[in-house]
Amino acid sequence: RPIDVTLAASPVPEVDYRRVAAIATPTGFWRGAVAESEGTFVAFPGQENWKPAATEAEARALRAAARLYKYRFDGTRLWEHAPGWEIWGGDATPDGRFVAYVLNPTVHPFYTPPENKLVLLDGATGAVLWTKAGPRLDASVGRRLESLELALSPDARWIAIGTTASGVVTLVERATGSFAWTVP
């Protein structure tokens, strides 16, 4: 049975695409997280740090120069954090209260960080709330922190991290940093 349907264009919202601010940083960014209700975003340093380096020392220095930034949508920088290495797995809660990241565990002669580390930051100040770290080969801690992916739950209760080599996913309680469970 035929149906009479009429399509009408909806009004196009007015969007301002002008650049309002620019920043210069020693390294690039791999990903970002947006807190729309707060009007902020966090930029995580990562793969764009792969500039040609002549020596292992230069490559390590480049990764050590990485910075995580939190900005308002108008371009105002709220804070800066030096993770000590590049970050591939990072996220912020939808309201911007918390920011979490794991160091990039990539295994190359001079790309490997000194430790596997999961960090929770206060989203308002950038202050470290807690850190979970372990040596690269520690089967009880380090392998669970070997991650390129991280997500915070919308209610800020949990942090999920996924490993790169073993495929393990770990759920961490945000308030305490306690490991809730790990599954292959």
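## The segment before S1

Leucine 7 lies in the segment that precedes strand S1, which spans 29-35. The model is a predicted one. Leucine 7 has a relative accessibility of 80%, so the residue counts as exposed.

## Overall fold

The chain contains one helix and twelve strands. Their order along the sequence is β-β-α-β-β-β-β-β-β-β-β-β-β. The chain has 184 residues, and 40% of them count as buried.

## Aromatic pairs

How many aromatic pairs does the whole structure hold? A search finds three. One of them joins phenylalanine 29 and tyrosine 69. Their ring centres are 5.9 Å apart, with the planes at 70 degrees. Planes over 60 degrees apart count as edge-to-face, so the pair of phenylalanine 29 and tyrosine 69 is edge-to-face. Phenylalanine 29 belongs to strand S1, and tyrosine 69 to strand S3 (residues 68-72). The pair therefore ties together parts that lie 40 residues apart in sequence.

Is tyrosine 69 buried or exposed? Tyrosine 69 is buried, because its relative accessibility is 5% and the cut-off for buried is under 20%. Phenylalanine 29, at 25%, counts as partly exposed. Tyrosine 69 also pairs with tyrosine 71. Here the ring centres are 6.0 Å apart and the planes meet at 45 degrees, so this pair is tilted. Tyrosine 71 is buried, as is tyrosine 69. Ring pairs link Phe29, Phe41, Tyr69 and Tyr71 into a cluster.

## A charge over a ring

Which ring has the charged end of arginine 174 over it? The ring belongs to phenylalanine 98. The charged end of arginine 174 sits 4.1 Å from the centre of that ring.

Side chains of opposite charge can pair when their charged atoms come close. The structure holds five salt bridges. One of them joins the side chains of arginine 31 and glutamate 149, with an N to O distance of 3.3 Å. This pair links distant parts of the chain. Arginine 31 is in strand S1, and glutamate 149 is in strand S9 (residues 147-152). The two residues are 118 positions apart.

Both ends of this bridge have some accessible area. Arginine 31 is partly exposed, at a relative accessible area of 22%. Glutamate 149 also counts as partly exposed, at 43%.

Glutamate 80 and arginine 67 meet through their side chains in a salt bridge of 3.3 Å, N to O. Glutamate 80 sits in strand S4 (residues 77-81). Arginine 67 sits in the loop between helix H1 (56-64) and S3. This pair, too, links distant parts of the chain, 13 residues apart. At 38% relative accessibility, glutamate 80 is partly exposed. Arginine 67 is partly exposed at 23%.

Glutamate 80 has another partner in arginine 77. The closest N and O atoms of arginine 77 and glutamate 80 are 3.1 Å apart. Arginine 77 has a relative accessibility of 46% and so counts as partly exposed. Which residues do salt bridges with shared partners join into one network? They are Arg67, Arg77 and Glu80.

Where is serine 153? Serine 153 is in the loop that connects S9 with strand S10 (158-163). Its relative accessible area is 15%, so serine 153 is buried.

Methods: Residues numbered from 1 in each chain as written. Heavy atoms only, no water. Helix = DSSP H or I, 4+ residues; strand = E, 2+ residues; numbered from the N terminus. Buried < 20%, exposed > 50% of the residue type's maximum accessible area, 1.4 Å probe, protein only. Phe/Tyr/Trp six-rings, centres within 6.5 Å; stacked < 30°, edge-to-face > 60°. Lys NZ or Arg CZ within 6 Å of the ring centre and 35° of its normal. Salt bridge = Lys/Arg side-chain N within 4 Å of Asp/Glu carboxyl O.
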